[in-house]
Amino acid sequence: MNNMPNTPLLREMTQTIERAKRVAETELFAPAKTRVITISNQKGGVGKTTSAVNLASALARKGMRVLVIDLDPQGNASTALGVEHHNSVRGSFEVLVDGIEMAEAVVQSPEHQNLFCLPATINLAGAEIEMVSFDNREQVLKLKLQEYLDSQNPRLDFVFIDSPPSLGLLTINALCAATEVLVPIQCEYYALEGVTQLMSNIERVKRALNPTLMVGGILLTMFDNRTNLSTDVAAEVRKFFPAETLNATIPRSVRLSEAPSFGQTAISYDPKNIGSLAYQEAAIELAQRGSEE
Ligand code: ATP
Ligand code: MG
């Protein structure tokens with residue numbers, strides 16, 4: 001080893017091997033009670049779904065029992081978890097609008113025995129209109145989820161809710177059902193402008209509907225260390241939200257974007273990939289942060 005040249009590439013490889021070893025060796029403890037984490041950012045394409053499914057898969061592999069609720073009519077989280085979501089499948093629409101029990105629609109993901117999914121079908125696109133006339137329309141998901149969680153033995157440790165890129169009734173339901181919000185921020189120009197608006201919306205939901213809601217973390221996504229822009233945006237976000245921003249940063253990686261086309265998360269598609277590694281680190285950090293509180 002001493003005779004090998006100490007090049008930047010070699011240093012990076014050594015660091016990656018050390019990080020993977022740390023991830024593999026870290027043991028996680030189940031949270032005291034089920035943590036319900038809504039992944040939200042009204043901006044489209046910032047990595048909400050990619051974060052939901054990869055964090056969920058990483059935690060399932062660490063022994064946690066995890067449910068992903070797909071609350072986006074696009075059904076991208078269902079796809080990535082290898083779960084059917086054609087329009088005759090029962091999913092989040094039937095739970096919210098027809099009032100079926102969540103247990104009738106939740107399925108196990110082929111990814112892992114500890115990983116479950118409430119799929120979203122395209123029907124969900126009509127849910128907001130249907131729900132407008134409901135009493136307590138903001139709390140439908142919260143009540144359904146609570147019933148489901150109470151019926152589960154062994155209990156679930158984490159629930160991730162993947163929300164659509166809007167601040168409509170589906171997202172409000174996701175924020176009302178959650179104990180915390182995780183905000184993915186893409187490392188690009190204008191990233192913070194949307195976030196200020198999002199934070200004030202979270203504050204509003206907290207005041208009016210869900211007083212215990214908190215921002216559980218901000219996750220920097222699609223970081224490209226070759227560009228000054230990514231570095232500047234990441235530094236800016238950390239300056240504004242020093243406590244909330246996770247240390248783990250998700251790099252841009254083609255493997256992360258390819259995985260869904262194989263009906264897989266990146267963590268099962270290519271566990272050694274640098275993006276999968278970063279999501280595993282983020283999952284560990286998220287789990288450890290929760291257990292400190
Ligand atoms: P939407 O608002 O439409 O629901 P989203 O916020 O859920 O989008 P994703 O679907 O997770 O965002 O990501 C948007 C696109 O970027 C997808 O094609 C995804 O595969 C890709 N992507 C996400 N994260 C990364 C990454 N770190 N590196 C490369 N590509 C990524
Ligand atoms: Mg999405």
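**View 1. Polar contacts of ligand 1 with the backbone in the predicted model.** In this predicted model, a nitrogen atom of ligand 1 lies 2.9 Å from a polar backbone atom of Ser253. On the oxygen side of the contacts, a polar backbone atom of Gly47 is found 3.0 Å from an oxygen atom of ligand 1, and a backbone N or O atom of Gly45 is likewise 3.0 Å from an oxygen atom of the ligand. Ligand 1 taken alone exposes 630 Å², of which the protein buries 80%.

**View 2. The shell of residues around ligand 1.** Ligand 1 is surrounded by 18 residues, the closest being Lys48, Thr49, Thr50, Pro251 and Ser253. Sorted by class, this shell contains eight polar, six nonpolar and four charged residues. Two helices, α2 (48-61) and α10 (254-258), each contribute at least two residues to the shell, and α2 gives the most, with three residues.

**View 3. The open sheet of seven strands.** The strands follow the order β3-β4-β2-β5-β1-β6-β7 in an open sheet whose pairing is mixed. At the edges stand β3 (107-108) and β7 (214-221), and because each has a single partner strand, one side of each is left without a neighbour in the sheet. Within the sheet, strand β2 (residues 66-70) runs parallel to β5 and is joined to β5 by five bridges, with Val66 standing opposite Phe158 in β5.

**View 4. Strand β1 and its two partners.** Strand β1 (residues 35-39) is mostly covered, since five of its five residues are buried. The cover extends to both faces of β1, with Arg35, Ile37 and Ile39 buried on one side and Val36 and Thr38 buried on the other. Strand β5 (residues 158-162) pairs with β1 in the parallel sense over five bridges, and within this pairing Thr38 has Ile161 of β5 as its bridge partner. Strand β6 (residues 180-186) also pairs with β1 in the parallel sense, here over three bridges, and the bridge partner of Ile39 in β6 is Leu182.

**View 5. Helix α7 and its buried residues.** Helix α7 (residues 169-177) has eight of its nine residues buried, so the helix is largely enclosed by the rest of the structure. The buried residues of α7 are Leu169, Leu170, Thr171, Asn173, Ala174, Leu175, Cys176 and Ala177.

**View 6. Two of the aromatic pairs.** The structure holds four aromatic pairs, among them the pair of Phe158 and Phe160, whose ring centres are 6.2 Å apart and whose planes meet at 10 degrees, so that this pair is stacked.

Key: Residues numbered from 1 in each chain as written. Chains lettered and ligands numbered in written order. Predicted model: local features only at pLDDT ≥ 70, side-chain atom pairs only at ≥ 80, totals over all residues. Heavy atoms only, no water. Phe/Tyr/Trp six-rings, centres within 6.5 Å; stacked < 30°, edge-to-face > 60°. Near = heavy atom within 4 Å. Polar contact = N/O pair within 3.5 Å; in protein donor to acceptor, adjacent residues only side chain to side chain. Areas by Shrake-Rupley, 256 points an atom, 1.4 Å probe, with all protein chains shown as cover. Helix = DSSP H or I, 4+ residues; strand = E, 2+ residues; numbered from the N terminus. Nonpolar A, V, L, I, M, F, W, Y, C, P; charged D, E, K, R; others polar. Buried < 20%, exposed > 50% of the residue type's maximum accessible area, 1.4 Å probe, protein only. Pairing = 2+ DSSP bridges.
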